[in-house]
Amino acid sequence: MCINRQGVCVTVANVYIYGRWRIERGGRRGSGLNSFQLVSAGGRDSLFLHLELDIPDDAIAWARDVLAAHPKRATIVSTNIYLGQRFPAPYLPGPGRNSREEMFAKLVAPHRQIFLVLNGHDGS
C-alpha cells in the first residue's frame, strides 16, 4: 500500500494508480542500471527511460527495443553527463562505452518520440 495527497493509491502487480495517474514498472536490463516505466495520465501515454552513464552499445540496443515496443509513447530519457564540456569522451573505461555525442547519434536523434533528455551532472 502507498499513500499520496489524495489518500491511498492502489498497487496491483507493479502498477501504481494515484488518482488519474497510472505508473507501470516497464522493465529493466541486467543489474537495473537501465530501466523504464510506462506512465498514463490526462489521456496521454508516456515512457520514462533511465540509462546508465556512458551507456554501452548493448544497452543502447536494449533501449531501441523498448522504444520500438512503445512507438506511440512520448519519451523522456534520463542519464548522466549528457551536457557539458569536461568529458567529451566516455567518462568510464571499457569497450563499447559511448560519449554523449555517440548516444545522441545512436539513440536520441533516430527516435522522434524522445522529446526530452535529462541529465544528473553536466560534466563541468
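These are my notebook entries on a predicted model, taken element by element and contact by contact.

**Ground rules**

I number residues from 1 along each chain as its sequence is written. In this predicted model, local features need pLDDT of at least 70 and side-chain atom pairs count only at pLDDT 80 or more, while totals for chains, interfaces and linings use all residues; side-chain values use heavy atoms, with hydrogens and water left out.

**Entry: overall layout**

I looked up the secondary structure. The protein has two helices and eight strands. Helices (H or I, at least four residues) and strands (E, at least two) are DSSP runs, numbered from the N terminus. Read from the N terminus, the order is β-β-β-β-β-β-α-β-α-β.

Next I looked up burial. The protein has 124 residues, and 36% of them count as buried. Buried means under 20% relative accessible area, exposed means over 50%, and partly exposed is in between (1.4 Å probe, protein chains only).

**Entry: the loop between E6 and H1**

Strand E6 covers 44–50 and helix H1 covers 57–69. Aspartate 54 sits in the loop between them. Its phi is near 50 degrees, a positive value in a residue other than glycine. Most residues other than glycine have a negative phi. Aspartate 54 is buried, at a relative accessible area of 8%.

Glutamate 52 is in the loop between E6 and H1 as well. Glutamate 52 is also buried, at 11%. Which residues does glutamate 52 touch, not counting residues up to four places away in sequence? I found Arg29, Leu33, Asn34, Ala59, Thr79 and Arg97.

**Entry: salt bridges**

How many salt bridges does the structure hold? I found three. The cut-off is a side-chain nitrogen of Lys or Arg within 4 Å of a carboxyl oxygen of Asp or Glu. Side chains of opposite charge can pair when their charged atoms come close.

Arginine 97 is partly exposed, at 22% relative accessibility.

Another pairs aspartate 57 with lysine 106, and their closest N and O atoms are 2.9 Å apart. This pair links distant parts of the chain, with aspartate 57 in helix H1 and lysine 106 in helix H2, 49 residues apart. Aspartate 57 is partly exposed at 39%, and lysine 106 is partly exposed at 28%.

Arginine 100 and glutamate 101 also meet in a salt bridge, at 3.6 Å from N to O. Is arginine 100 buried or exposed? Arginine 100 counts as buried, at 10% relative accessibility. Glutamate 101 counts as partly exposed, at 43%.

**Entry: the cavity**

I searched for cavities of 30 Å³ or more and found one. On a 1 Å grid over the protein atoms alone, a cavity is a set of points where a 1.4 Å probe fits but cannot get out, and lining residues have an atom within 4 Å of a point. Grid points are joined across faces, edges and corners, and a volume is the space filled by probe spheres set on the points.

The largest cavity has a volume of about 60 Å³. Its lining includes Glu52, Asp54 and Arg100, along with Leu53, Ile55 and Met103 among others. By class I read five nonpolar, four polar and three charged residues. Ala, Val, Leu, Ile, Met, Phe, Trp, Tyr, Cys and Pro count as nonpolar, Asp, Glu, Lys and Arg as charged, and the others, Gly among them, as polar.

**Entry: two distances**

Glutamate 102 lies in helix H2, residues 100–108. Glutamate 102 is partly exposed, at 33%. Its C-alpha is 9.5 Å from that of isoleucine 55, across 47 residues of sequence.

Proline 95 is in the loop between E7 and H2. Proline 95 is exposed, at 81%. The C-alpha atoms of proline 95 and proline 56 are 7.9 Å apart, with the two residues 39 apart along the chain.

Conventions
On a 1 Å grid over the protein atoms alone, a cavity is a set of points where a 1.4 Å probe fits but cannot get out, and a pocket is an open set with protein on both sides within 12 Å along at least five of seven lines; lining residues have an atom within 4 Å of a point. Contact means heavy atoms within 4.5 Å.
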